[in-house]
Amino acid sequence: MVDPLTAVPPVVVLLAVAILVAVLPRLAGHALGVTASVAAVAWAWVVPAGAHLQVTFLGFEAVLLNVDEFSRLMGLIFGLIAAVAVLYSYASEADGVQTGFALSYVATSFGAVFAGDWLSLLFFWELMAVTSTLLVWYWGGQAVRAGFRYAIFHGIGGTLLMAAILQTYVVKGTFLFASVPGGPETAGIVAGLPAALAAVGIGVNVGFIGLHAWLPDTYPRPHIAASVFLCVFTTKTGVYGMYRAFPDGHVAIAYMGGGMAVFGATFALFQNDMRRLLSYHIQSQVGYMVAGVGIGSALAQAGAFAHVFNHILYKALLFMTAGVVVYRTGEENLKKLGGLAREMPLTAAAFSVAALSIAGFPGFNGFVSKGIVIAGSHYDFAKGPLYLQGRTTLEWLLLIGGVGTFMSFIKFGYYAFFHGEYEGSVPDANRGQSVAMVAVAVLCVAYGLLPGALFGLLPFDVTDGAVVSHVYVTYTVDHLVEGLALAVAGLVGFAVVKKPLSKLGRVPDVDRLTNPAVFYGTRGLVVGLTETYAAVDRAAVAGSQAFVDTVRNPNDVYRRAVGDGETAHPLRAGIGVSILVLAAFVTVTIVVLT
């Protein structure tokens with residue numbers, strides 16, 4: 001008997017819904033989108049672990065559906081935030097076509113995280129790049145050029161990942177994950193060059209330092225509701241892919257995660273564009289997840305996926321609050337805002353919850369998941385060259401990133417909501433926007449005050465000493481002191497740098513070099529190829545013409561060659577001589593060949 005829960009993968013249903021949302025009237029389409037997303041949450045909750053759907057695809061064994069505790073967690077949070085984001089889209093006047101593109105992006109993300117083999121994951125990985133690019137392009141204007149750069153980055157990343165997967169197939173003889181029936185004995189991408197290619201290819205999606213420029217370049221450009229979708233799926237699916245590729249972790253990946261936490265928070269502090277600031281903080285917060293995956297222990301990886309879950313909640317809420325500000329004021333620049341807490345109290349409150357959550361303040365969900373990753377860096381990672389005060393090098397990087405997070409969100413809140421007075425009057429969020437923001441804000445507080453509810457969703461039980469190296473307890477004196485100390489350091493740090501920051505212009509990132517280099521490099525390559533082709537074409541035409549002239553007028557060619565214009569030379573032979581020469585040539589050829 002066919003199990004209806006596994007007969008059709010959720011990606012198929014969600015793609016069909018995405019098409020319907022695009023063609024139905026706006027209200028009916030968005031209602032269908034919310035309903036389908038909620039149904040996806042329910043499906044992810046009840047589908048049994050170990051369920052899989054195995055097929056033959058292009059002559060290879062493929063698993064289009066594979067349910068384990070990692071994919072289940074991703075499905076739950078993806079469906080939940082998709083439902084909220086569709087509601088927010090409707091309230092923010094997004095049309096059905098845009099929301100249809102957004103839901104197709106959600107669908108392909110579901111396909112990637114529930115895939116049970118590398119071939120299927122890569123297929124949906126690339127479809128994610130296509131659907132998200134279409135979502136960016138749909139808004140037009142500056143989003144079009146940003147979308148092209150976004151597509152190029154992800155095309156390169158996907159190509160590198162494909163190369164790693166193919167080399168892994170050569171070694172293992174299968175695309176299947178180790179966790180599915182018939183899979184290989186060892187999990188992940190094979191070591192050596194394939195692992196390096198996979199790390200860089202997936203590193204594009206998660207925003208490795210140097211590969212991250214697409215993120216702050218793209219996410220501030222499209223419709224405010226599109227940004228809510230974009231901030232969720234690509235980077236978090238990248239973290240999931242990083243775990244599948246490196247299930248035992250890797251020291252270089254762990255340190256890259258720590259560097260991302262510091263780099264992203266630092267560059268966020270430099271920003272005045274609200275959504276650009278939030279985009280840099282995606283890189284910073286994903287750094288904690290990447291660090292957890294890189295550490296490789298059960299505790300750290302549980303923390304990584306706890307942070308995936310929590311980050312999706314508070315980052316979506318942050319983009320929604322920023323979107324409401326843009327929606328009501330038409331302004332993106334923090335320097336041109338101020339005093340909005342009096343005009344928009346609900347939006348200011350939602351922002352405060354999200355800001356305290358992302359900064360890891362006690363009582364909010366970020367405090368829980370950041371704490372697990374930091375505990376993993378403390379107990380399960382090498383001391384490193386900067387081992388100080390009983391803390392590892394990686395742990396210090398994560399703590400410094402936490403201080404930077406407090407500083408940048410104090411800046412955001414200060415300039416947008418709490419400093420000065422807003423000139424004129426502006427309404428707060430509308431009803432639909434308010435429902436979406438309040439729902440997510442409640443979850444941020446609930447998972448902060450009741451961490452056990454989150455622990456029950458994680459792939460590893462962080463409260464079981466038989467599973468993790470160190471049993472994690474959220475609210476201990478040490479953890480509370482650490483969280484409060486980071487908050488105080490952030491407050492003092494912002495007070496110190498506030499004046500210098502106010503005079504700071506736009507700080508260049510790597511795209512200041514890479515964008516012109518790629519543009520002029522590509523143009524130079526194209527011009528070089530076309531000019532080389534033209535030169536070869538001219539040479540071929542000239543050679544052909546010379547050959548024709550030689551055959552038609554051999555005497556003239558000879559005279560030009562020897563410089564004798566007076567003497568005629570009998571180059572033409574009679575038929576008898578020609579036959580003699582031909583016979584001699586054939587005879588010599590036969591002798592040589594035999």
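Predicted model: local features only at pLDDT ≥ 70, side-chain atom pairs only at ≥ 80, totals over all residues.
Biologist: Why are helices H5 and H6 called roughly antiparallel?

Modeller: Helix H5, residues 96-113, and helix H6, residues 118-137, pack at an angle of about 165 degrees. Angles over 145 degrees count as roughly antiparallel, and H5 and H6 are therefore given that description. Their axes lie 8 Å apart, and their crossing is left-handed.

Biologist: Which residues of H5 and H6 meet?

Modeller: On the H5 side they include Phe101, Tyr105 and Ala112. On the H6 side they include Leu121, Phe124, Trp125 and Leu135. The residues of this contact between H5 and H6 comprise 11 nonpolar, seven polar and no charged.

Biologist: What makes H7 roughly antiparallel to H8?

Modeller: The axes of helix H7, residues 142-172, and helix H8, residues 193-206, cross at roughly 155 degrees. The cut-off is again over 145 degrees, so H7 is roughly antiparallel to H8. The two axes come within 8 Å, and the crossing of H7 and H8 is left-handed. Among the residues making the contact are Phe153, His154 and Leu160 of H7, together with Pro194, Leu197 and Ile202 of H8. By class, the contact of H7 with H8 has 12 nonpolar, six polar and no charged residues.

Biologist: How many aromatic pairs does the count give?

Modeller: The count comes to 32 aromatic pairs. One of these is formed by phenylalanine 263 and phenylalanine 267.

Biologist: Why is the pair of phenylalanine 263 and phenylalanine 267 called stacked?

Modeller: Ring centres must lie within 6.5 Å to form a pair, and these two are 4.6 Å apart, centre to centre. Planes under 30 degrees apart count as stacked; the angle between these planes is 25 degrees, so the pair is stacked. Both residues lie in helix H11, residues 251-269, where they are four residues apart, about one turn of the helix.

Biologist: Are phenylalanine 263 and phenylalanine 267 buried or exposed?

Modeller: Buried means under 20% relative accessible area. Phenylalanine 263 has 19% and is therefore buried. Phenylalanine 267 has 11%, so phenylalanine 267 is also buried.

Biologist: Which residues form one aromatic cluster?

Modeller: That cluster is formed by Trp43, Phe78, Tyr105, Phe110, Phe114 and Phe233. Tyr105 also belongs to the H5 side of the contact with H6.

Biologist: How do you know whether threonine 321 is buried or exposed?

Modeller: Its relative accessible area is 1%. The limit for buried is under 20%, so threonine 321 is buried. Threonine 321 is found in helix H13, residues 298-329. Leaving aside neighbours within four places in sequence, threonine 321 is in contact with Thr347, Ala350, Phe351 and Met437.

Conventions:
Residues numbered from 1 in each chain as written. Heavy atoms only, no water. Axes fitted to C-alpha atoms, helices over the stretch in contact; angles between N-to-C directions. Helix = DSSP H or I, 4+ residues; strand = E, 2+ residues; numbered from the N terminus. Parallel < 35°, antiparallel > 145°, perpendicular 65-115°, else oblique. Left-handed = near helix turned anticlockwise from the far one by under 90°. Contact = heavy atoms within 4.5 Å. Nonpolar A, V, L, I, M, F, W, Y, C, P; charged D, E, K, R; others polar. Phe/Tyr/Trp six-rings, centres within 6.5 Å; stacked < 30°, edge-to-face > 60°. Buried < 20%, exposed > 50% of the residue type's maximum accessible area, 1.4 Å probe, protein only.
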